[in-house]
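User: I have a structure open and want to talk through its side-chain contacts. Can you take my questions as they come?

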Amino acid sequence: MSKLVVLNLGKGDLHKGFPDVTVQLGLINDPRAMEFRGSLPPAPEISQLYRNWQILYSALYRHYSWWIRLEIEDNDITNFSELEFNDLCQQLSSRINIWLNSEQFRKIDQKLRTQLNPNEEICFIIATSDNLLRRLPWHLWSFFEDYPNAEVALSVLEPQRPNKIYTQEKKVKILAIFGNHQGIDISKDKYLLESLSNQAQINFLIEPQRKELSDELWCKGWNILFFAGHSSSQERGVLQINQTTTITLDKLKHGLKKAIESGLHLAIFNSCDGLGLAEALEDLHIPQVIVMREPVPDLVAQEFLKHFLGEFSSGQSLYSALREARKRLEGIEDKYPCATWLPVICQNPLSAPMIWQSHRKMVATKSVLVILLASLLITSLVMGVRYGGYLQTSELQAFDHFIQLRSHLVTEKPDGRILIITIDEADTQYQINKGMQMRWSLSDQALAQLLEKLNKYQPRTIGLDIYRNKIVDPKYPNLATRFQKDNRLFVLCKVATTDDDGKSDGIPPPSGVSRERVSFSDFVADEDDIARRQLLHLTPPTSLCSPEYAFNLQLALHYLEQEGKKSSVTSGYLQIGDIVFEQLKEHTSGYQKVDASGYQILLNYRSLDSVEKIAAQVSLRDVLDENISLETVQSLKDRIVMIGLSAPTNTNDYWKTPFSSNAKQNQKQTPGVFVQAQMLSQILSAVLDRRPLLWWWSGWVEALWVWGWSLVGSITAWYFSKPLHLGLAVIVTLLTIFGLCFGVFTLAGWVPLIPSILAFLATQIMVISWLRRSNLRKRKQLNFDRD
C-alpha cells in the first residue's frame, strides 16, 4: 500500500518565509496521526529565478517554432542561448535544494527519512495556495532522488471530501473533449484513447457546443474527463471548446459538480498551462487532476499521454503511471528541454488515487480462465511427473525431514513391553575370556545360559534376531531342546534373493524349530538404502528359508494373542483386533514407482532422540552375570525379549533410517535389532495403544490438494503486482504449505509436500509470464510509429 505524505506550507510565501510548516504521514485510505512541524525561511531568489526561467522557456519554444498547444505571449528577449537556459535550470534546482536543506526544515526532512522506506511507493503532496509555489519543479528536490518511487502532487490548503463517489461497474467511462485544435495535432491523442476501447467506454466530443458539453457532464457515471486543445490558466482556467467559444470552468460548475458526485475521479488536461483549470476543479473537490504546468509542445503532450495510458490501464497506480510517463519524457529533452517538468497531479488528500478498475475486472474475468487452465495444466503435469516416479526421491527426503522434525517437537516414551539384550565387542570378548567356543558372535554355551536365565524371569515372548544355521553343539542338549519345545522362542532365517553375485539360497533357520516359530528377517529398503517400509508377509521362493511372516510380526502376534487380540484377513487387508494395516501399493503417496510385492506398510518410527532408544537394553554379559537391577528383573515378566547384535564388527545387519541424515543422531546406520524393535513396537502400539499408523489420501484427493495450491499460486501471481509483495506472499504461502503438511504428519498423515510446492511455484511463473506478455502486447499497441 502507498504511503501518503502531505507537506502543508501554510499561508506564507517565498518573500516572507513559511513559519508554520506541517507534515502529515500516513497510509492512503488510512491516514495516521503522525505529524511533524517546522518552518522554511524566505527564498525570494527562487521567485525571481523561476520568472526568469518562464521567460526563457517561452522564448526558447517560440524561437524554435515548435508547435505549442497554446500560443506563447511575446516578450522582449530576442537574444539568448540554450546554454544560458540550461544554466538557469541548474541555478533553480540548486536554490530549491538549498532552501529545502535549511536548518529550520532539516528536522522534518530527517524525520521523514526515518519513517519512509526508499522502496515503497510514496504520494508526496505539496499543500499550498501560492500560485508560484504550485509551479515550482518540486521533483528536483534531492529527496526524490533518494526515494525513486515517490511522486510529487499538489493540493489546496484545506481540502474537503467529495459528497459521494461511485465506483465504475464494468468499464472505465471516459468523456473525451477535443476543443479548438487550430495549429496543433490532436489526432494522435484520439488514437491513443481509441486504443483503450476494449477496456473503456469512451464518448468523444469534437469541438462541442457549450450545451452539448454541459449535457454530457450531467450524464451519470463518467470516471475520467479528458481534454485536448487550447487552454490557459487565465481567469482560473480557460478552455477553447471550439473555434468560436472560450469558456472558464466556472461556466460549467454545476455540470462538473454533478459529474464528480456521480463518479468522476480524474480529469486529464493534456493542454497548456493547466494549473488554473486544476484550481477551479479543486474547489469542486474532485479527487485528482492531471495538468501541464506550462505551455506544452505537441509531441511532449502525445508522448506523455501514450506512456501514461499504457501504464495506468495496465494496472499501475495513478502515481506510478504518471511518474513513469513523466520520466520517459527525458528521452526527448534534447529537443524539448524541461519536458519532465511539465506533468503534475493535483490531488485531494481525502480521496484515494483512482485505480483503473475495469482493467482489474477485465483481467479478473479473463484471468479466471487463465488461472483455471494454468492450474489444471500445471497440476496435471506435476501429477504426471510424480506418477512416473520422478519426484519420489525428493518426497522421501521430505518424509525423512518430517520424521526428524517431529522427533524434536513430539517426544514419545520408549516401548515398555520390549527389552533388547545386546551383543557387542565387549560381550564377544567376555565369552572368549570365559573359554566359550565361539562359532558366531553368540556361542552355543552363552545362548544356552542366556535362555536358561531368561526362563526364570518369565518373559512372554523371546525373539532371537541372530542367524543360527549350524547344528547345535552336542555339549548343550538343553539348547537343542529349547529350539524344539519352547513355544515362546522365535527364530529367523533369510529368504533367497538374487543379487549382483548371482542367486543366493538364503540362510536356513536353526534345526529342530517348528515352522510356526520361524520367520524371515528381510527388510525392504529404498534406493537410498533407507528402511521406511515394513514387510509383514510374503510368498517366498523355494529355498532354505520359506516362512511367510516377518520376524517382528510373529513376535507381535504371539504377544497380542495373550491379550485377546486375534489376527485375520479382511477384504485383503491384515487386521489385528479392530486395527486394519493398510497395504502399500505401487502408487502410494510419495511412493510412486516402487516394488510393492508382499504385504508392506509404512514404518511410523517412534519419536525419540535416537532409533536405538526404542526400548530398554541390557548387555549379554550383564544377564549372564546376573548384573541387572531388581527392577529390570521384575519387569521382564510378560515382556518381549529381543536378542540381537549391536556391534558393527559382529554383523553386517546395519540399516539406514530416516534419522541417518541427522547429524545430531551421530550415526549413519542402525543395527537391525533396533529397526526390528521399531517395527514390533509399531504393531503393538497400534493395536494396544491406538497409536496411529501412517495414512495417506487416495490419488484423486491428493490431486485436488495439489490443484488447490496451484490455484493459490496463480491467484497470488495475479493479485500481487509488486515484486516485494509477491515475494512476501510466496514466502508466507510456502511456510503455510510446509506447516500444514507437517501438522498433518504429526497426526500420522503423509500429505504431498513437494508436488504442492512445485505446482504453486510453476503456476505462479506461468501466470506471471502471461501477465507480462499481456501488458507488453498492450503497450505495443499504444506504441505506434509517430514518424
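User: Asp578 first: buried, partly exposed or exposed?
Analyst: Asp578 counts as partly exposed, at 45% relative accessibility. Buried means under 20% relative accessible area, exposed over 50%, partly exposed in between (1.4 Å probe, protein chains only). This is a predicted model: local features need pLDDT of at least 70, side-chain atom pairs count only at pLDDT 80 or more, and totals for chains, interfaces and linings use all residues. Residues are numbered from 1 along each chain as its sequence is written, and side-chain values use heavy atoms, with hydrogens and water left out.

User: Which residue forms a salt bridge with Asp578?
Analyst: Arg690 does, with the closest N and O atoms 2.7 Å apart. A salt bridge here is a side-chain nitrogen of Lys or Arg within 4 Å of a carboxyl oxygen of Asp or Glu.

User: How many salt bridges does the structure hold?
Analyst: The count is 38. One of them joins the side chains of Arg135 and Asp273, at 2.7 Å from N to O. Arg135 is in helix 4 (residues 131-135), and Asp273 is in the loop between strand 12 (266-269) and helix 9 (275-282). The two are 138 residues apart. Helices (H or I, at least four residues) and strands (E, at least two) are DSSP runs, numbered from the N terminus.

User: Are those two buried or exposed?
Analyst: Arg135 is buried, at 9% relative accessible area. Asp273 is buried too, at 13%.

User: Which residues are linked in a network of salt bridges?
Analyst: Asp400, Asp526, Asp528, Arg532 and Arg533 are.

User: Switching to rings. How many aromatic pairs?
Analyst: There are 33. Rings of Phe, Tyr and Trp (its six-membered ring) pair if their centres lie within 6.5 Å; planes under 30 degrees apart count as stacked, over 60 as edge-to-face and the rest as tilted. Trp53 and Trp341 form a stacked pair, 5.0 Å centre to centre with 15° between the planes.

User: Where do Trp53 and Trp341 lie?
Analyst: Trp53 lies in helix 1 (residues 44-64). Trp341 lies in the loop between helix 11 (318-328) and strand 14 (343-347), so the pair ties together parts 288 residues apart in sequence. Both Trp53 and Trp341 are buried.

User: Which residues form one aromatic cluster?
Analyst: Phe399, Phe402, Tyr591, Phe738, Phe742, Phe745 and Trp750 do.

User: Last one: what lies over the face of Tyr559?
Analyst: Arg460 does, at 4.2 Å from the ring centre. A charge sits over a ring if NZ of Lys or CZ of Arg is within 6 Å of the ring centre and within 35 degrees of the ring normal.
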